[in-house]
Amino acid sequence: MRHFCGLRRPVTQAMRDGVAEDFPEIAWIDDAELRNRTIEAWSHSLCCSSFTSMTEIPPEGNPGAPVLRRGTQADHLRGVVRLAIRMADEITTSYPEARVDRDILLAGAICHDVGKPFEFDPANRERWAADPSVTGQPTFRHSVFGMHVCLLVGLPDEVAHIALGHSMEGQFIGVSTECMIVRQADHGWWFLAGAVGLLTPESTAALSPMLRARPTGMR
Ligand SMILES: [Fe+2]
């Protein structure tokens, strides 16, 4: 049987409002059209899956590794946006001649994992496990599905490039300035989470055998 990865239900205004509420950093994008299209990208992607909110997606980098002990995918997504902006602010403050497109950086960081509803969808994962010889496993990784969604909703190539290039696929292309910042923020966020003991022990070891995570505790 053929499978089609399109919408499972229509994109509603309630869905768009939910995305904006779950992801307040979207409001930091200056350009209104760019801002609205990031909301559209997340809304569209969620409606291609069984998830109704990004907070329902498990807090994992890839399915199964690395895995946060608590929280949701939204905690990772929002953290990466804030970290990317802080990194850009640091370098452009210290070196005023350094140029970063802030809106593209924000939109790219917001959409870097926009393909995760597809890759994490339980029905998709069950289907892929049933006969990978037919479907592939996964059919598309989140970075690839994310690029597709970005282009579909009319986001610029520069943002779709970040969705594609932030992850392993970025090893095979020349990455833009903003894509490199999102890559560092994304990967750095997972290593930071590992170092302070926020990841499960198994996934900490898988992330880096060099890491000696500190147990968490109240101050
Ligand atoms: Fe990520």
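**A close look at one residue**

Mentor: Let's start with Ile162, whose place is in helix α9; helices here are DSSP runs of H or I with at least four residues, numbered from the N terminus. Keep in mind that this is a predicted model, where local features need pLDDT of at least 70, side-chain atom pairs count only at pLDDT 80 or more, and totals for chains, interfaces and linings use all residues. Residues are numbered from 1 along each chain as its sequence is written.

Is Ile162 buried or exposed? Ile162 is buried, because 34 other C-beta atoms lie within 10 Å. The cut-offs are 20 or more such atoms within 10 Å for buried, 12 or fewer for exposed, and partly exposed in between, with C-beta atoms placed from the backbone.

Which residues does Ile162 touch? Leaving aside residues up to four places away in sequence, Ile162 touches Gly108, Cys111, His112, Glu178, Cys179 and Val182; contact means C-beta atoms, placed from the backbone, within 7 Å. Asn124, by contrast, is 38 residues from Ile162 in sequence and 24 Å away in space, C-alpha to C-alpha.

Now look at the surroundings. The largest nonpolar core has 49 residues, and those with the most contacts inside it include Cys111, Val159 and Ala84. Such a core is a set of buried Ala, Val, Leu, Ile, Met, Phe, Trp, Tyr and Cys residues joined through C-beta atoms within 7 Å. Among the elements giving two or more residues to this core are α9 (157-165), α4 (102-111) and α10 (177-195). Ala84 touches Leu105, Ala109, Ile181, Val182 and Ala185, again not counting residues up to four places away in sequence.

Key. Two residues are in contact if their C-beta atoms, placed from the backbone, lie within 7 Å.
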